[in-house]
Protein chains: 2
Amino acid sequence: METAGLRPLYRATVKPEWVDYNGHMSEPWYVFVFGETSDAFYDLIGLGDAARRATHSSVYTVESHIWFLRELKVREAFLVGTRVISHDAKRVLLYHELARAGDGTVAAASEILALHVDTNGPRVVPFSAAVKERIAALAAEDAREPPPKRASRSLAFATKA
Amino acid sequence: METAGLRPLYRATVKPEWVDYNGHMSEPWYVFVFGETSDAFYDLIGLGDAARRATHSSVYTVESHIWFLRELKVREAFLVGTRVISHDAKRVLLYHELARAGDGTVAAASEILALHVDTNGPRVVPFSAAVKERIAALAAEDAREPPPKRASRSLAFATKA
C-alpha cells in the first residue's frame, strides 16, 4: 500500500452487482466497503455488534471524504487498511485506504469522522474508559508512521469551511 | 431548504431496505441518492444516459465530501437540491443538499468533484461546447446567491492537503 502504517481490516472482490453503467465499481459500494472496514475497526476497540446492542451505544459517521483514484473492475480483489488520525473523548477520525490485491495500487481513500452515540437518545456520549484506552493504544501504534498525505491533521476536519 | 439558490432535482422516500442496524438511512444510500441527483444534473447539461452512450463520454466522480447532519428514518420523504460551485473545461464541482420534505430541515449535504471522461480510454477530455455553455448558464444562475457555508470556494477542493 502507498501509505505505511495501515492496519489491514477488510478484504473483498468486486461483485458483478457492484458495477455501474461505467463498467466500474460504483460510488455507493465504496462507501459500503469503507463502512465494513469501519465496523471492523469498531470490533477492534470493543464496539462490535454485540457490545453495541448490550450497551445501547453505537458509532455514527457525521462527515466523510472520499477520493476515487483509480477504477475497480468486476472480480478485482482488494484490501482496505486503516489508521487512526485523531481522537478525543467522544470522536474518532479514521483514514482508510483501498488497494488492489494484485499490485498494491491505491484505488481509493476515505476519511471518516465518527461520534460515539447513546442510541436511546440518540445523543453523543463519551467512549467508555476501556474503549478510549483501546483507541489510544491503536492511535499510538499508528503515530509511529507519518500521517497519510491526503488526510486531515486533526478533528478540525469537521469544521473546515 | 437552509441554503437559498438550490435547484430541486431529486425526490424520494426512505425505503425499508435503506435502513441499517442503527434504524436510520445508511451511508451508502446517501451516496446513491446524491449520485441520482448528480445524474439528474448531468441530464440538465446534456450528458444524460443517451448522450453518454452516443458520444462514449461520461462523468466520473473523483472526490466527494459528505456531511451527515440529521438522521433519516424509514418512510421519511425528502428532496435534494443542487448548485454549481465551480467549473472549468473538464471539471465541475457540485453542491447537493438533502432536506426533509416535511419541514425543510437539512439532513445531509455533499460536495462532488467530477471529471468529463472519454470512456474509450478512459481519459479526461474537455466538455463539448454545448455542454460547457449549459454548465456556465446554470453556474451564472446559481452565483446570484452567496455560496453555501459548507462548500469549498473552488476546484482547489481536489488538491487540499
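Modeller: In H3(B), the buried residues are Val131(B), Ile135(B), Leu138(B), Ala139(B) and Asp142(B). Buried means under 20% relative accessible area, exposed means over 50%, and partly exposed is in between, using a 1.4 Å probe and protein chains only. Helices (H or I, at least four residues) and strands (E, at least two) are DSSP runs numbered from the N terminus.

Colleague: What covers the buried residues of H3(B)?
Modeller: The cover includes strands S1 (7-13), S3 (77-87) and S4 (91-100), along with helix H1 (27-44), in chain B. Contact here means heavy atoms within 4.5 Å.

Colleague: Is this an experimental structure or a predicted model?
Modeller: This is a predicted model: local features need pLDDT of at least 70, side-chain atom pairs count only at pLDDT 80 or more, and totals for chains, interfaces and linings use all residues. Residues are numbered from 1 along each chain as its sequence is written, chains are lettered from A and ligands numbered from 1 in the order in which they are written, and side-chain values use heavy atoms, with hydrogens and water left out.

Colleague: Good to know. Back to Asp142(B): buried or exposed?
Modeller: Asp142(B) counts as buried because its relative accessibility is 3%. Its side chain makes a polar contact of 2.6 Å with the side chain of Arg7(B). A polar contact is a pair of N or O atoms within 3.5 Å; within protein, one must be able to donate a hydrogen and the other to accept it, and residues adjacent in sequence count only if both atoms are side-chain atoms.

Colleague: What else is Asp142(B) in contact with?
Modeller: Leaving aside neighbours within four places in sequence, Asp142(B) is in contact with Gly5(B), Arg7(B), Arg83(B) and Val84(B).

Colleague: Switching topic, how many residues are in contact between chain A and chain B?
Modeller: 30 residues of chain A are in contact with 30 residues of chain B. The two chains bury about 2,600 Å² between them, 49% of it on carbon and sulfur atoms. Buried area is the accessible area (1.4 Å probe) that two parts lose on being put together, summed over both.

Colleague: How many residue pairs are in polar contact across that interface?
Modeller: The rule finds twelve, with both residues at pLDDT 80 or more. On the side of chain A that touches chain B, helix H1 (27-44) and strand S2 (57-68) of chain A each supply at least two residues. S2(A) gives the most, with eleven residues.

Colleague: Where is the cis peptide bond in chain A?
Modeller: A cis peptide bond joins Gly121(A) and Pro122(A), with omega about -5°. Pro122(A) is in the loop between strand S5 (106-118) and strand S6 (123-124) of chain A. In chain B, the peptide bond from Gly121(B) to Pro122(B) is cis, with omega near -10°.

Colleague: And what is phi of Arg75(A)?
Modeller: Phi is near 75° for Arg75(A), a positive value in a residue other than glycine. Most residues other than glycine have a negative phi, and most peptide bonds are trans.
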